[in-house]
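Open the structure in your viewer and keep the sequence panel beside it. This tour goes from one selection to the next and says what is there.

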Amino acid sequence: MQLLWPTTPADPVSDADLERLYGYPEDMTAMSRPWVQVNFVSSADGAVAVDQLSEGLSHPADKRIFLMGRLLADVILVGAGTARAEGYRGARITPARAARRVSLGLSEVPPIAVVTRSGELDPAGPLFTDTQVPPIVITTEKAPRTALERAGAEVLVAGTDDVDLHRALALLAERGLRRVDCEGGPALFADLIAADLVDQLCLTVAPLLAGAGERRIADGRPTPEPRRMDLASVLFEDGFTMLRYRRREGG
């Protein structure tokens with residue numbers, strides 16, 4: 001993997017380089033809300049998946065970025081549709097990565113937090129049964145919660161008919177979960193954009209043409225006004241381009 005911008009070192013990019021590039025702001029407690037990073041991979045023609053799964057667009061370089069996002073986060077945020085489609089389970093952390101997280105002041109294993117308006121998650125699924133830490137379910141007052149709680153989830157209510165993402169982030173912050181790594185899907189990303197809650201987008205562009213039929217990385221709720229982002233870094237490996245955009249303050 002090579003760093004193309006803002007500088008071009010002679011040596012390949014190390015994990016320490018990635019930590020520096022993708023690290024969260026240092027003083028999180030000074031911020032009024034959690035800091036939200038969104039991770040996505042897309043084809044060169046904008047598709048978010050191949051055969052409805054993101055795996056067909058991925059590459060080892062992209063997975064390094066994906067794992068770095070998990071390494072540095074307090075919590076992994078994902079929409080229910082993506083959790084179901086991708087067969088989400090609890091985060092897997094090696095002993096070395098767990099030790100590194102502890103050295104950074106984080107828990108050994110970040111929880112998965114699933115956003116679901118309906119509460120329709122399978123309590124017998126791997127999200128609940130194949131995990132080292134209980135998942136968090138962020139849902140609404142009208143959604144059924146008893147079965148999810150019995151399966152071990154911490155259920156947070158953040159709205160009546162729909163999930164209020166500002167309220168959801170506030171509830172996560174109350175639990176000390178301020179570094180948020182969102183892994184999709186398109187509907188949740190669109191909602192975060194509409195609520196003006198995206199601080200960083202990590203976008204891998206795969207050198208593939210997927211053709212028509214697949215969704216864009218943001219798909220759903222319209223955005224009142226475009227949010228200007230600044231290009232922060234560009235990484236490249238084997239035709240895959242890893243772009244990082246950060247929120248322009250005041251823009």
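Leaving aside its neighbours within four places in sequence, which residues is Arg70 in contact with? Keep in mind that this is a predicted model. Select Arg70, which is found in helix H2. Its contacts beyond those neighbours are Ile76, Tyr88, Ala91, Arg92, Arg101, Pro110, Ile112, Asp181 and Glu183. Arg70 has a relative accessible area of 12%. Buried means under 20%, so Arg70 counts as buried.

**Helices H1 and H2**

Two packed helices are described by the angle between their axes and the distance between the axes. The crossing of H1 and H2 is right-handed.

Now show the side chains where the two helices meet. On the H1 side, select Asp15, Leu18, Glu19 and Tyr22. On the H2 side, select Arg64, Ile65, Met68, Leu71 and Leu72. Sorted by class, this contact of H1 with H2 has six nonpolar residues, three charged residues and no polar ones.

Arg244 lies over the face of Tyr22, at 5.4 Å from the ring centre.

**Two aromatic pairs**

How many aromatic pairs does a search of the whole structure find? The search finds two. For one of them, select Tyr24 and Trp35, an edge-to-face pair with 5.3 Å centre to centre and 75° between the planes. Tyr24 is in the loop between H1 and strand E2 (35-43), while Trp35 is in strand E2, so the pair ties together parts that are eleven residues apart in sequence. Tyr24 and Trp35 are both buried.

Then select Phe40 and Phe189. Their ring centres are 5.3 Å apart and their planes are at 35°, so this pair is tilted. Phe40 belongs to strand E2 and Phe189 to helix H8 (residues 186-194), so the pair ties together parts that are 149 residues apart in sequence. Phe40 is buried, with a relative accessible area of 9%. Phe189 is also buried, with a relative accessible area of 5%.

Which residues in H8 are buried? They are Pro186, Leu188, Phe189, Ala190, Asp191 and Leu192.

The peptide bond from Gly184 to Gly185 is cis, with omega near 5°. Gly185 has its place in the loop between strand E7 (179-182) and H8.

Asp196 is found in the loop between H8 and strand E8 (200-206). Its relative accessibility is 32%, so Asp196 counts as partly exposed.

**Another positive phi**

Select Asp238, which is not a glycine but has a positive phi of about 55°. Look for Asp238 in the loop between strand E9 (229-237) and strand E10 (240-247). Is Asp238 buried or exposed? With 58% relative accessibility, Asp238 counts as exposed.

**Two loop residues**

Go to Arg89, in the loop between helix H3 (80-85) and helix H4 (95-103). At 40% relative accessibility, Arg89 counts as partly exposed. Arg89 and Leu127 are 38 residues apart along the chain, and their C-alpha atoms are separated by 4.0 Å. Not counting residues up to four places away in sequence, Arg89 touches Ile112, Pro126, Leu127 and Asp130.

For the last stop, select Ser58, in the loop between E2 and H2. Which residues does Ser58 touch, not counting residues up to four places away in sequence? They are Lys63 and Phe240. Ser58 and Leu165 are 107 residues apart in sequence and 28 Å apart in space, C-alpha to C-alpha.

How values were computed
Residues numbered from 1 in each chain as written. Predicted model: local features only at pLDDT ≥ 70, side-chain atom pairs only at ≥ 80, totals over all residues. Heavy atoms only, no water. Left-handed = near helix turned anticlockwise from the far one by under 90°. Helix = DSSP H or I, 4+ residues; strand = E, 2+ residues; numbered from the N terminus. Contact = heavy atoms within 4.5 Å. Nonpolar A, V, L, I, M, F, W, Y, C, P; charged D, E, K, R; others polar. Phe/Tyr/Trp six-rings, centres within 6.5 Å; stacked < 30°, edge-to-face > 60°. Buried < 20%, exposed > 50% of the residue type's maximum accessible area, 1.4 Å probe, protein only. Lys NZ or Arg CZ within 6 Å of the ring centre and 35° of its normal.
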